[in-house]
Amino acid sequence: MKYVTSTSKERFANFLIEWTMEDKDWLTEEFGRMPFAEDMLSYIQTYEGIGCEFRLWFKDEEPVAITAVLDQAPSNQKSWLGTIVVDPAQRKRGVGHNVIHSIISEKREVLFAGIPLERNEWSLFLGKCGFEQYAI
């Protein structure tokens, strides 16, 4: 899988809006309501403001996923996966798994991810990608 980081914030925002339209749990968790386009831009700017790098991932020249990764989290100086969103048409086809393993192989160490306790079902996806629960 290939990725680019040099795309506009608007392009990232448009894909996030398109790919999460039906993901009520994610939208509620991140925004507390259905977001506007400006909210997505603010979301991206907030993550970039703490040092996250957004990547647009491609499979066969088609965009299939977006990630936001922080190289050194203040809490433990380790890499942190802040966001992963896969195009709904590509879900359950190994895209998320491949993206995460690409990031892990690049970092060559531990990659952390956090989920809200109320969204425990998200841990099923992370578990399939090789994550282990560290703490609550």
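Which residue lies over the face of tyrosine 3? Arginine 55 does, at 4.0 Å from the ring centre. A charge counts as sitting over a ring if NZ of Lys or CZ of Arg is within 6 Å of the ring centre and within 35 degrees of the ring normal.

Before going on, please note that this is a predicted model, in which local features need pLDDT of at least 70, side-chain atom pairs count only at pLDDT 80 or more, and totals for chains, interfaces and linings use all residues. Residues are numbered from 1 along each chain as its sequence is written, and side-chain values use heavy atoms, with hydrogens and water left out.

**The sheet**

Let us turn to the strands. Helices (H or I, at least four residues) and strands (E, at least two) are DSSP runs, numbered from the N terminus. Two strands pair if DSSP finds at least two bridges between them. Five strands form an open sheet with mixed pairing, in the order β1-β2-β3-β4-β5. β1 (2-4) and β5 stand at the edges with a single partner strand each, so one side of each is left without a neighbour in the sheet. On average, neighbouring strands of this sheet are turned by 40° against each other, direction ignored. Such angles are taken between N-to-C directions, from 0 to 180 degrees, using axes that are lines fitted to C-alpha atoms, for helices over the stretch in contact.

Here are two of the pairings:

| Strands | Sense | Bridges |
|---|---|---|
| β3 (residues 62-70) and β4 (residues 79-86) | antiparallel | six bridges |
| β4 and β5 (residues 111-113) | parallel | three bridges |

Leucine 70 stands opposite tryptophan 80 in β4, and alanine 68 has threonine 83 of β4 as its bridge partner. On the β5 side, serine 79 stands opposite leucine 111.

Helix α1 (residues 9-20) lies across β1, β2 (53-59), β3 and β4, and runs at about 110° to β3. Contact means heavy atoms within 4.5 Å.

**The aromatic rings**

Rings of Phe, Tyr and Trp (its six-membered ring) pair if their centres lie within 6.5 Å; planes under 30 degrees apart count as stacked, over 60 as edge-to-face and the rest as tilted. The whole structure holds nine aromatic pairs. The rings of tyrosine 43 and tyrosine 47 have centres 4.9 Å apart and planes at 50°, so this pair is tilted. Both tyrosines lie in helix α3 (residues 37-49), four residues apart, about one turn of the helix. Ring pairs link Phe12, Trp26, Phe31, Tyr43, Tyr47, Phe54 and Trp80 into a cluster.
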